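Here's a quick tour for anyone opening this one up for the first time. Have a look around, then read on.

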Amino acid sequence: MSIEIKTTSVEPIRHTYSHIARRFGDKPATRYQEASYDLEAKTNFHYRPQWDSRYELNDDRRTAIRMDDWYAVSDPRQFYYGAYVGNRAKMQESAETSFGFCDKRNLLTRLPEETQKQLLRLLVPFRHVELGANMNNSKIAGDAVATTVSQMHIYAAMDRLGIGQYLSRIALLIDGSTGKALDESKGYWMDDELWQPMRKLVEDTLVVDDWFELTLVQNILLDGLMYTLVYHTMDAWLATQGAEDVSMLTEFMRDWYKDSLRWTNAMIKAVAGESEANCELLQTWIDQWEPQVYSALQPLAEASVGIDALDEARAELSTRLKKFGLQSRGVSA
Amino acid sequence: MAVQNKKLNLKDKYQYLTRDMGWEPTYQKKKDIFPDEDFEGIKITDWSQWEDPFRLTMDSYWKYQAEKEKKLYAIFDAFAQNNGHQNISDARYVNALKLFLSGVSPLEHAAFQGYAKTGRQFSGTGARVACQMQAIDELRHSQTQQHAMSHYNKHFNGLHDAAHMHDRVWFLSVPKSFFDDARTAGPFEFLTAISFSFEYVLTNLLFVPFMSGAAYNGDMATVTFGFSAQSDEARHMTLGLEVIKFILEQHEDNVPIVQRWIDKWFWRGFRLLSLVSMMMDYMLPNKVMSWSEAWEVYYEQNGGALFKDLERYGIRPPKYQDVANDAKHHLSHQLWTTFYQYSQATSFHTWIPEKEEMDWMSEKYPDTFDKYYRPRYEHLAKEAAAGRRFYNNTLPQLCQVCQVPTLFTEMGAPTKLSHRQLKYEGERYHFCSEACCEIFEHEPEKYIQAWLPVHQIYQGNCEGADVETVVQKYYHINIGEDNFEYLGSPDHKRWLSIKGIKPADEDKNAA
Ligand SMILES: [Fe+2]
Ligand SMILES: [Fe+2]
Ligand SMILES: [Zn+2]
């Protein structure tokens, strides 16, 4: 039997917003589409920015990369705010369980002093690299012109703050929440020779003006070598040093990096695929920055997993970039 | 930080988890990393004095916000499934949503971009982190508003192309120029403008009308959004207060700069809110409170207490607050009578208030409504009844600063139009008020750049010379659907059919 429902007045007069319909047709749109496309202001800006009067607000000339339509770059994860926080809330839940577990059983306070020192010297200072990544991604979110692009970067900015906080909490577990271990670790970042090339690299990224150059350097080149080296190879190496429990506490970073590959790959694919000129520019930036990233990680690799591991990470990045028609040095010369 | 063996307290722990990740650079100059921090003349001697306005680590942020989003989207889904748009008080209410989606939601997005920028500009890590959290919150608001209105857009006109209209339509240059003004300023002025003057001082005058308006008019989707955003806004307000106190405490030379910004942004905000005043008094079929009552509670009382509190820093109340206080008796009526005449060029409908509504206004505005405004409506109603619904075909003159048509009257002289003009580099500029004129005089190089919609039409930059072409082709306002009088509009007819009323019955009711 069927129930008679009066439908005349509930028949919609359109299925989505006009700006969404212009792209995808007048049919029911996804939440991602309605939250992401053509939302930011595009024209008729009233005043030039006092902090950079070369360009207007929301001006696509803030990068030398040219896209006919920046909305061609979109997020394969379909993250709008709600989907993003929902996903991260789940990830943090398992991180919380691990931190709680380590805390309750004093797993880190029980580590040999030598191992604790290694963690504070080799792992925890990456929290400062994360803060640099946070700043860079916030800049990009402020400069990029399409919501599909800018939102991925503000998510990344907040993620990096969160990762920096997880790294900091490893030190707080070691010293029983006094802050002593973080002070010690920051000392390495500031003064230990091992860290100076990396600190210089991060400071160098903080003065990069072109936001797409910056996303390439930060989210693809630097992360590409660093996450593979630190959270995979070094993680396994730390386990051999008696710190296998720390693995639980860096699981978030491994999951996160896997997730970030999805959007960074999609972004590079769209941008490199747009034009020969874009490809050339990307190639120039890769040629300029990839060797610097490699050198910045070199002393850290030497002091832990060895240079071969860094070369492997480099080869992996090279294979990845090749898929987009880009070259980087696959093995050290 | 000093060596300690005690467990960290919450405040110190939060600092370790935020600002302690920052460091003094040595390979690059600080000035090159933070090039925008000085040009406004604000002197910061010690960023370590920054008090974190809230302590929220990312893990709790994700968790807490995800819970809120889950609940919010459950309501959105239910609202769409049950055709919640049929349960609102009256379809005239939807016009408030049209104003919101085209006037306010794009500002949420601009706020996202602005805070992402300041989230990089300050050399103080604590301040940056607070700005970034607001950036992502504002992105949230911009997106959840699209989703909250999505269902309405399927059943009513005028909601279909909000961002496009925001960039072009004449009256939307009021909110747009407001935010462009803030975003193009330096980071300290941006925070004084948006975090302090807008979010802290004036936010209730935006939030209460729209969100309580939604509650009073049966709009579950918007009211749920409002509740859900409330805790975000609480954070934004604490940032607004912290930033102003921090700047003022850092150096006495900052006081006059901040005072000028407060004067300017109070006035800019007040002019922007004039759109809200008409929405509150005229567009809500079920009224929450009058604009003048809202102004008394949320500005005169709350603002009064706040500025008393800031006295110790040498800050006085905004220079032109007396004009704003006096205007509370007139604002909404002057706006609505103007928009009534220009409905051919708006994405929402206008109408003559019903008899009970006029009586409500007489009661709420005893000194002004019957004397100045009721007679206008009675005249307009008579004209409409005679088949001459009035539309004004001369384009209005816009104020060079706030971009509202010069429709306001002088303080204490409600029949005298307020108008100022001045010449700058051989060119004549027009203003709605002394306050706007003064804002211009302080930064003429900025305000001569304004994209004034009416000038742009005259200059042929809007795809046509006649209003109809501009409205249809350039604005994307669908003629006969989105614009003109409410009575007899497709929205009105659809509403009658939802309610099962035949137009003829309605005529009988009205007669
Ligand atoms: Fe907001
Ligand atoms: Fe806000
Ligand atoms: Zn004005």
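## Two helices crossing in chain B

Let's start with a pair of helices. Helix α4 of chain B (residues 94-103) and α6(B) have axes that come within 11 Å and cross at roughly 145°. The crossing of α4(B) past α6(B) is left-handed. Keep in mind that this is a predicted model.

Which residues make the contact? On the α4(B) side they are B:V94, B:L97 and B:L101, and α6(B) brings B:Q145, B:M149 and B:Y152. Sorted by class, that gives 5 nonpolar residues, 1 polar and no charged ones.

## Where the chains meet

α6(B) turns up again where the two chains touch. Here 76 residues of chain B are in contact with 71 residues of chain A. Several helices of chain B supply at least two residues each to this side, among them α1 (10-16), α3 (58-81), α5 (105-121) and α22 (490-498). The one that gives the most is α6(B), with 14 residues.

## A helix with a buried side

Over in chain A, take helix α8 (residues 196-205). Its buried residues are A:M198, A:R199, A:L201, A:V202 and A:T205. They sit on the same side of α8(A), because they cover an arc of only 160° around the axis. As a rule, an α-helix has 3.6 residues a turn, so residues three or four places apart point the same way.

And what do the buried residues of α8(A) pack against? Four helices of chain A: α5 (126-143), α7 (180-191), α9 (211-243) and α12 (276-302).

## The nonpolar core

The largest nonpolar core has 243 residues. Those with the most contacts inside it are A:I170, A:L225, A:L297 and B:C436. Leaving out residues up to four places away in sequence, B:C436 touches B:C399, B:V401, B:C402 and B:F431.

## Two residues with positive phi

Most residues other than glycine have a negative phi. A:S177 isn't a glycine, yet its phi is positive, near 65°. You'll find A:S177 in the loop between α6 (147-175) and α7 of chain A. Is A:S177 buried or exposed? A:S177 has 20 C-beta neighbours inside 10 Å, so it counts as buried.

B:E463 is also not a glycine, and its phi is positive at about 65°. Look for B:E463 in the loop between α20 (453-458) and α21 (467-474) of chain B. B:E463 counts as partly exposed because it has 13 C-beta neighbours inside 10 Å.

Terms used. Residues numbered from 1 in each chain as written. Chains lettered and ligands numbered in written order. Predicted model: local features only at pLDDT ≥ 70, side-chain atom pairs only at ≥ 80, totals over all residues. Core = buried A, V, L, I, M, F, W, Y, C linked by C-beta atoms within 7 Å. Buried ≥ 20, exposed ≤ 12 C-beta atoms within 10 Å, placed from the backbone. Contact = placed C-beta atoms within 7 Å. Arc of directions from axis to C-beta. Axes fitted to C-alpha atoms, helices over the stretch in contact; angles between N-to-C directions. Left-handed = near helix turned anticlockwise from the far one by under 90°. Nonpolar A, V, L, I, M, F, W, Y, C, P; charged D, E, K, R; others polar.
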